[in-house]
Amino acid sequence: MAVYTELAAETLEAFLGTYDIGTLVSFHGIAEGVENSNFLLRTTEGDFILTLFERRVNAAELPWFLGLMQHLAGRGLNCPLPVSDRSGTALRSLADRPAAITTFLPGVSATQLDAKLCLELGKVLARLHIAGEGYDAVRPNALSPAAWGPLLESCGESGDALSPGLTAEVRKALQNVEAAWPVPDALPRGQIHADLFPDNVFFQNGQVSGLIDFYFACTDFLAYDLAICLNAWCFRDEKTFEPSFAAAIIQGYESIRPLNDTEKAALPTLCQGAAIRFLLTRLYDWINTPADALVTRKDPLAYLRRLRHFQSVSHV
Ligand SMILES: Nc1ncnc2c1ncn2[C@@H]1O[C@H](COP(=O)(O)OP(=O)(O)OP(=O)(O)O)[C@@H](O)[C@H]1O
Ligand SMILES: N[C@@H](CCO)C(=O)O
C-alpha cells in the first residue's frame, strides 16, 4: 500500500480509544503498495494494520471484503482478521475516509522467487478457493473484461509515449481476448483474491504464513485467479517466462483442487486477460498518480511483455 493520507498521532490515539486493543506506542505509514493508505500500529497489546480506503475501493463494498476475510480466517486461512471497536463495528471512518483495523500477519514476502515457493503459492491459492465456499454474497469483478475497454480509452494515447503503438496493440489484444473469454457458467466460479502478487503473500521458513490485501477480491472464475498468479509469479526479472515456476504453481494448485479440462484449455486466454488487466491499471496509475504521493508507480510495460508471451502459447 501507499500513504495518500497523513495522520496526526492525537487523531490516531483518539481513534484507538474506541477499541480494546491497547494504547498507541508508535505508528508509521507503509510505503509499499499502490492502492490504499496503510499504517503499522504498535499498541501496548501488539501490532495491527490500519487501512484508510482511498481510490478504487467502493465504500459500499467494504462490508463484503471484511466479511470475506472473516469467513476465510474462520475457515483456517491465514488472512487479516478485521478488528471491531467496542460497539462491535469493524468498518469505521477516519480522516474522512472509510477505515478498518486488522490483525498483523507474521512473515515476509519473497524477494527471490523459486519453484518451491511457487508450489506453496499454488497450494494456498487452491486452499483460498475452497475456504471461500459458503461465503455466498456475490461481488462481480469490477475489473473484468467489460471494464478494460473503457479503461484503455480513458488513457487516451498516453500509452504510446511509453511504447509507440501500445494503444493499438492492446486494443487488438483486448478484442481477441473478449471474443475468446469463457461465458459465465463455462468454468467453476467462486471467491477469488484477484491480486495475489508476491507482495501479498508472506512466508516463514518456506511456508506461507499469510495472505493480505483482499480489496480486489470478487466472485469470478477460479482459474482466472490462477492466471493472475501465473502472470505475477513466473517472469524472471519481470521479463523472462520461467516454465518451472508455472508448472510448480499449477502442480501445487492441483494437489488441492484439480483443474478440469475446460479450465486448462482456457488458461492462455485467462492469462492474456490478466496481463491486460494489470497493464491497464498500471497505465492508468502511471498517468494519474499524484506527484506528492508516497507511492512507487509500477511499470505497465512489464505486462505488455507478459501479454505477448501468453499470446504466443497454446497451453500454459
Ligand atoms: N495484515 C498485515 N500484516 C502485516 N503486514 C501487512 C498487513 N497488511 C498490510 N501489510 C503491510 O502493508 C504493505 C502494503 O499492503 P497491501 O499490499 O495490502 O497494500 P495495497 O496498497 O493494497 O497494495 P497493492 O499494490 O498490492 O494492491 C504490505 O506489503 C505489508 O508490508
Ligand atoms: N498488484 C498490482 C497493484 C494492485 O492492483 C500491480 O502490481 O499492478
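Student: Which residues does Arg-306 touch, not counting residues up to four places away in sequence?
Tutor: This is a predicted model, where local features need pLDDT of at least 70, side-chain atom pairs count only at pLDDT 80 or more, and totals for chains, interfaces and linings use all residues. Residues are numbered from 1 along each chain as its sequence is written, while chains are lettered from A and ligands numbered from 1 in the order in which they are written. Two residues touch, or are in contact, if their C-beta atoms, placed from the backbone, lie within 7 Å. Leaving out residues up to four places away in sequence, Arg-306 touches Asn-231, Phe-235 and Ala-275.

Student: Is Arg-306 buried or exposed?
Tutor: Arg-306 is found in helix H10 (residues 301-311). Helices (H or I, at least four residues) and strands (E, at least two) are DSSP runs, numbered from the N terminus. A residue is buried if 20 or more other C-beta atoms, placed from the backbone, lie within 10 Å of its own, exposed if 12 or fewer, and partly exposed in between. Arg-306 has 25 C-beta neighbours inside 10 Å, so its class is buried.

Student: What separates the C-alpha atoms of Arg-306 and Gly-22?
Tutor: Along the chain, the two residues are 284 residues apart.

Student: Why does Leu-121 count as buried?
Tutor: Leu-121 is found in helix H3. Its contacts, not counting residues up to four places away in sequence, are Val-201, Cys-229, Trp-233, Ile-249 and Gly-252. Leu-121 and Val-201 are 80 residues apart in sequence, yet 7.9 Å apart from C-alpha to C-alpha. Leu-121 counts as buried because its C-beta neighbours inside 10 Å number 26.

Student: Which residues of H2 are buried?
Tutor: Helix H2 covers residues 62-74. Seen down the axis of H2, the buried residues fall within an arc of 155° (taken from the directions from the helix axis to the C-beta atoms), so they line one face of the helix. The buried residues of H2 are Phe-65, Leu-66, Leu-68, Met-69 and Leu-72.

Student: How far apart are the end C-alpha atoms of helix H2?
Tutor: The expected span of a helix is 1.5 Å times one less than its number of residues. H2 has 13 residues, so it should span 18 Å. The model agrees, with the end C-alpha atoms of H2 apart by 18 Å.

Student: How many residues does domain 2 bring to the contact?
Tutor: An automatic or database domain assignment sets the bounds, giving domain 1 (9-103) and domain 2 (109-311). Their C-alpha centres lie 25 Å apart. Domain 1 brings 21 residues to the contact, and domain 2 brings 20.

Student: Where does the largest share of the side of domain 1 that touches domain 2 come from?
Tutor: By class, that side of domain 1 has eleven nonpolar, six polar and four charged residues. Here Ala, Val, Leu, Ile, Met, Phe, Trp, Tyr, Cys and Pro count as nonpolar, Asp, Glu, Lys and Arg as charged, and the others, Gly among them, as polar. The largest share is seven residues, and it comes from H2.

Student: Which residues come nearest to ligand 2?
Tutor: A residue is near a molecule if its C-beta atom, placed from the backbone, lies within 6 Å of it. The shell around ligand 2 divides into three nonpolar, one polar and four charged residues. Of the eight residues around ligand 2, the nearest are Asp-195, Phe-197, Phe-278, Arg-282 and Lys-298.

Student: Which residues does Asp-195 touch, not counting residues up to four places away in sequence?
Tutor: Asp-195 is found in the loop between S8 and S9. With 23 C-beta neighbours inside 10 Å, Asp-195 counts as buried. Not counting residues up to four places away in sequence, Asp-195 touches Asn-200, Asp-213 and Phe-216.

Student: Is Asn-205 buried or exposed?
Tutor: Asn-205 lies in the loop between strand S9 (201-204) and strand S10 (207-211). Its phi is near 50°, a positive value in a residue other than glycine. Asn-205 has 6 C-beta neighbours inside 10 Å, so it counts as exposed.
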